[in-house]
Amino acid sequence: MSPTLTDASPVANDSLAVLERTRSTAETYGIPLAVLAELTHRCPLQCPYCSNPVEFDRANSELTTDEWKKVLSELAEIGVLQIHFSGGEPTARKDIVELVQHATDVGLYSNLITSAVLLTREKLEALADAGLCHVQISFQGNEPVVADRVGGYRGGHVKKIEVARWTRELDLPLTVNAVMHRQNLHQLGDIIEMAVDLDADRLEVANVQYYGWALKNRAALMPTIEQIDDTSRIVDEARIRLKGILDIDYVVPDYYALRPKKCMGGWGRQFFNISPAGKVLPCHAAETITGLDFESVRSNHSIAWIWQNSEAFNRYRGTAWMPEPCQSCEFKEVDFGGCRCQAFALTGDAGNTDPACTYSPRHQDIFKLAETESSEGADRFLYRNFKGGTLETQETEGTHGR
Ligand code: FES
């Protein structure tokens, strides 16, 4: 439940005033029910497909504990119901228990999106005591040889399994998030069994999205068309067999799709996230688009004002901005033109049609590119880190056991 607004709260009054003044807009673009809080870009893992921007926010630019608490209170006041604590690795923040407790105190449902490798049993119990409602753990494979290589973190997989078991022992719901690509798709069947064995409620079979770090590693990650066919078959079979036991989320990866995905439910329609330094972003990869300025929670504007009025949120909102072929397309209110970050990554202009769409003049090109890159067999990773990336050594590369 959201706390009661009082006259003593200038942020609440400002936010309410914004919603009132822009009522007609607010009816179309109401405040999202769930928000992603990226507490930090720091992370012990070095996944080559990380969705964080290539230019990280440094630790000294991160919002302070008090600033995050103020943000959480403001979100609850304007009607947000769920907060997803993410990163980087959110448990790299020493104040994670305090922030979860504050989310609980202001009435927010909290989800921890974590690599799990920094968690101890004691810390997880403290988070549960602070009111944490759900845990999502990322897995890079179903066994240590592949998983630890992909994450660039030795011992990570065993630790994740341990934390997943603690999560269920503490009676917290668990989602397994498996990011899939050419170098681990052969493990999908075993990953599904692992999720069942861990007593997860949900499995996200998340195909890599190619912007930021993943774009740099695309040739090493792009699946083959045969793998995509196998994946669809494996998921279809598992969904039937595991009905009522495990929910499986899966969509065909963009480069092989016919229709683009309705990314973020449409730009500025249903979602925003807040970066470690406090920028309010329409999606987690929005900072990969150059030429857009994003407002900060450190500005004089309320979050509600930023959501309704900021230039970045309004640039690709709705359908008026769309070029052809989107503008006259019968699906324009179904997929809202696909993904702006992918359009920027592949065409240099975020206002273009997402090339994942068959109606894009570039669609055939990216399909061919996927076929070529996936068949050439480049497999060394550029690992994500604050140094701008480290190329995998031959020694590590030889350990992946495919
Ligand atoms: Fe940014 Fe799709 S990830 S719009």
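Student: Which members of the largest nonpolar core touch the most other members?
Tutor: The model is predicted: local features need pLDDT of at least 70, side-chain atom pairs count only at pLDDT 80 or more, and totals for chains, interfaces and linings use all residues. Residues are numbered from 1 along each chain as its sequence is written. A nonpolar core is a set of buried Ala, Val, Leu, Ile, Met, Phe, Trp, Tyr and Cys residues joined through C-beta atoms within 7 Å. In the largest such core, of 107 residues, the members touching the most others are Leu-75, Val-176, Ala-195 and Cys-341.

Student: With which residues is Val-176 in contact, leaving aside its neighbours within four places in sequence?
Tutor: Contact requires C-beta atoms, placed from the backbone, within 7 Å. By this criterion, the partners of Val-176 are Ile-137, Phe-139, Ala-195, Leu-198, Ala-200 and Leu-203.

Student: How many residues of helix H15 are buried?
Tutor: Helices (DSSP runs of H or I, at least four residues) are numbered from the N terminus, and H15 spans residues 340-347. A residue is buried if 20 or more other C-beta atoms, placed from the backbone, lie within 10 Å of its own. Cys-341 and Phe-344 are among the buried residues of H15. The helix is mostly covered, the buried count being 7 of 8.

Student: Which helices are included in what covers the buried residues of H15?
Tutor: These buried residues include Arg-340 and Gln-342 as well as Ala-343, Ala-345 and Leu-346. Their cover includes helix H9 (213-216) and helix H16 (363-376).

Student: Just after H15, which residue takes a positive phi?
Tutor: H15 covers residues 340-347. The phi in question is about 80 degrees, and the residue just after the helix that takes it is Gly-348.

Notes
A residue is buried if 20 or more other C-beta atoms lie within 10 Å of its own, exposed if 12 or fewer, and partly exposed in between; C-beta atoms are placed from the backbone. Two residues are in contact if their C-beta atoms, placed from the backbone, lie within 7 Å. Helices (H or I, at least four residues) and strands (E, at least two) are DSSP runs, numbered from the N terminus.
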